[in-house]
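Please look at the sequence and the structure shown below, and keep both at hand while reading this report.

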Amino acid sequence: METGAAILARQTFGLLVVDDEKTLRYALKEGLSEEGYRVETAGNVAEALALLNREEFHLALLDQKLPDGNGLDLLKEIRSRYPGMQVVIMTAFGKFDAAVEATKLGCYDYIGKPFELDHMKLVIKNALSQTRLAEEVKRLRAVERRHTGSTLIVGGSSKLAKIFETIRKVATTGNSTVLLQGETGVGKELLAREIHDLGKTHEGPFVEVNCSAFAENLLESELFGYEKGAFTDAKRTKKGLMELANGGTLFLDEIGEMSLGLQSKLLRALEMKRFRRVMGVSDIVVETRVIAATNRDLKALVEEDKFREDLFFRLDVIRITVPPLRDRPEDIPPLLDHFVGHWNRELGKGVKGPSDRALELLLAYRWPGNVRELRNVIERAILLESDEWILPEHLPVEIIGAAGGSAAVLETRLKGEGGITTLAQAERIAIEMALGQAGGNKTKAAEWLGISRQTLRTKLKEYRIESAGGHGG
C-alpha cells in the first residue's frame, strides 16, 4: 500500500500527452490522472509548445507522427529548452526507425501502439524515478557542500550543543512550524536547512524566500504564484514558492518585514493548508513544513500593531533563539580552524592560522556581523596576504581598534607597511582610519584630522582612497 508521501510526491509531477487521436488523449488523461499526476493534452506540435510555455511539465508522451510535425522534432525542442524533462515516444509502426537518433537526443523510451495502460504507467513511473534520483543526487551534493562550508555545525559551546539537540528533536518528530530568532549573520538559514535535511520531508524541496527583498504585491506573487493574465507581464501561469515547496520545507526569512495585508493571507494558507494563486479561482492544497526566521522582536512588533498576533502565535510553535557570536566566544577558535582550512582549499593557500596576537584581537572583537563577518575576515586575510600566519596587520581596522584604540591601530598599520614608513604612508593610513571610524563621513573625518574638507578631498585623490571607509590601503 502506498504512503501519503508517495502519492503527494506524484502530485508534484506534470505530464504532457501529445497525440492527434482524441480518444487516446482522453484515455491517457483519465488513466494517469487517477494515479495522481497532473495531466494536460495537446493534439499537435503548436498546442504542445503553447502548453510548454504556460505550464511546467516533468514528462512528455509524444506521438511519432503529428499533423504539423513529428515527435522527433518536438523531442529536440523539448530537450533544448527543458533538459531535465523526460520524454517517451509513442509509435503506431512496428519498428521505430529513428530509435537510435531519439536515444541520442535523450528519449527515455519508445512504445509501440496499441499498448496496455498498465505498461505505460510502469514506463512513466520508471522515467520519473530517474528524475527523482537526479534531484536527490543534486540535493545530497548541496547538503555535502553546505556541511563542508557550514558555519554553524562548528563549535563546542554548550549553547550551540543545546540548539542542535533541539533541532534534532524538532526535525525528527512531527511537522511543527519553527520560528528562528537571532541577529543577522548567526546562520538562521543553515539551521533551517539542517531541520529540513534531518526531517521526514528531506526528500522534498527546500524553498526559501527573503520577505524583505520584495514589495508587497511582488511578494504575494512569489509566494502564491499567479494565473496567466493576472497582470500585464503574466504571459504564462507561474507556480508560487509555497506550491513549489509542496512535500518539503518553505523557509520564510525576515518574516518581520512582511506587510500586514499579506500576513493575513499567509495565516489563512498556513491554517487551511490551501491557497489560491493571484487571480486564481480554485484552491491549491499543499503539505509543507514552514520555518520562519527573523532578526527582530516579533512580540514588540505585535504590541506596535506591525505584526499580526494570530500569525505570531501560529508561527511561534517551536522557537529557537540563536545567540550572537559575542555570547559564545569559545566557538571562535574552532570556527577559525574551520574557515582557515576551508579557504586554504578554496584558494590553494597554506596559511596555518592566526598568530597569538591576531587570535587575541579576534577573541576581543564583538563581531556585530556574527559568524558571517568572521568568515569574510578570514577569507580576505587568506586571499590578499601571502604570509604563513594571519598577522594583526592583516586584520581590518575595527578589529585592531577594538582591542587598543587608535594608537594600537596606527602602530599595527605602520608595522604592516614594512621597513621605514614614509610621512606619505603614515598620512594615508591616518586618513583611512579617520574615514573608517567616521563611517565614510568626510566632514567628520576632516574635523578629526584637523584639516579642512577641501584638503581632505585633495588628499583622497592624491592617495586614490575611496570616499567610503575601507579596511585596507
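## A serine in a loop

Leaving aside its neighbours within four places in sequence, with which residues is Ser212 in contact? In this model, which is a predicted one, Ser212 is in contact with Glu254 and Glu257 once those neighbours within four places are left aside. The C-alpha atoms of Ser212 and Glu254 lie 6.1 Å apart in space, although the two residues are 42 residues apart in sequence.

Ser212 belongs to the loop that runs between S9 and helix H9 (216-224). Its relative accessible area is 43%, and Ser212 is therefore partly exposed, a term that applies to values between 20% and 50%.

## The chain as a whole

The protein chain contains 20 helices and 18 strands, and of its 473 residues 44% count as buried. Among the contacts in the chain with a separation of 6 or more, 70% are between residues 24 or more positions apart.

As a general point, strands of a sheet pair through backbone hydrogen bonds, either parallel or antiparallel.

At one end of the order, strand S8 (residues 178-181) pairs with S16 in the parallel sense over 4 bridges, and Leu179 has Arg319 in S16 as its bridge partner.

## An enclosed strand and its partners

Is strand S6 (residues 86-91) largely enclosed or largely open to the outside? Because 6 of its 6 residues are buried, S6 is largely enclosed by the rest of the structure. Gln86, Val88 and Met90 point one way from the strand, while Val87, Ile89 and Thr91 point the other way, and all of these residues are buried.

S6 runs parallel to strand S3 (residues 59-63), to which 5 bridges join it, and in this pairing Leu61 stands opposite Val88. S6 also runs parallel to strand S7 (residues 109-112), here with 4 bridges, and Thr91 stands opposite Gly112 in S7.

## Helices and their faces

Helix H18 (residues 423-437) and helix H20 (residues 453-463) pack at an angle of about 115°, with 11 Å between their axes, and their crossing is left-handed. On the side of H18, Ala424, Glu427, Arg428, Ile431 and Leu435 take part, and they meet Leu456, Lys459, Leu460 and Tyr463 in H20. Sorted by class, this contact has 6 nonpolar, no polar and 3 charged residues.

In helix H15 (residues 356-364), the buried residues are Ala358, Leu361 and Leu362. Seen down the axis of H15, these buried residues fall within an arc of 100°, so they line one face of the helix.

## Backbone details to look for

Most residues other than glycine have a negative phi, and most peptide bonds are trans. Lys113 and Pro114 are joined by a cis peptide bond, with omega at about -5°, and Pro114 has its place in the loop between S7 and helix H6 (117-148).

Lys273 lies in the loop between helix H11 (260-272) and strand S13 (274-275), where it is partly exposed, with a relative accessible area of 38%. Trp367 is placed in the loop between H15 and helix H16 (370-384), and at 0% relative accessibility Trp367 counts as buried, because that term covers values under 20%.

Conventions
Residues are numbered from 1 along each chain as its sequence is written. This is a predicted model: local features need pLDDT of at least 70, side-chain atom pairs count only at pLDDT 80 or more; totals for chains, interfaces and linings use all residues. Side-chain values use heavy atoms; hydrogens and water are left out. Axes are lines fitted to C-alpha atoms, for helices over the stretch in contact, and angles run from 0 to 180 degrees between N-to-C directions. Helices (H or I, at least four residues) and strands (E, at least two) are DSSP runs, numbered from the N terminus. A crossing is left-handed if the near helix is turned anticlockwise from the far one by less than a right angle, and right-handed if clockwise. Contact means heavy atoms within 4.5 Å. Ala, Val, Leu, Ile, Met, Phe, Trp, Tyr, Cys and Pro count as nonpolar, Asp, Glu, Lys and Arg as charged, and the others, Gly among them, as polar. Two strands pair if DSSP finds at least two bridges between them. Buried means under 20% relative accessible area, exposed over 50%, partly exposed in between (1.4 Å probe, protein chains only). The arc is that of the directions from the helix axis to the C-beta atoms.
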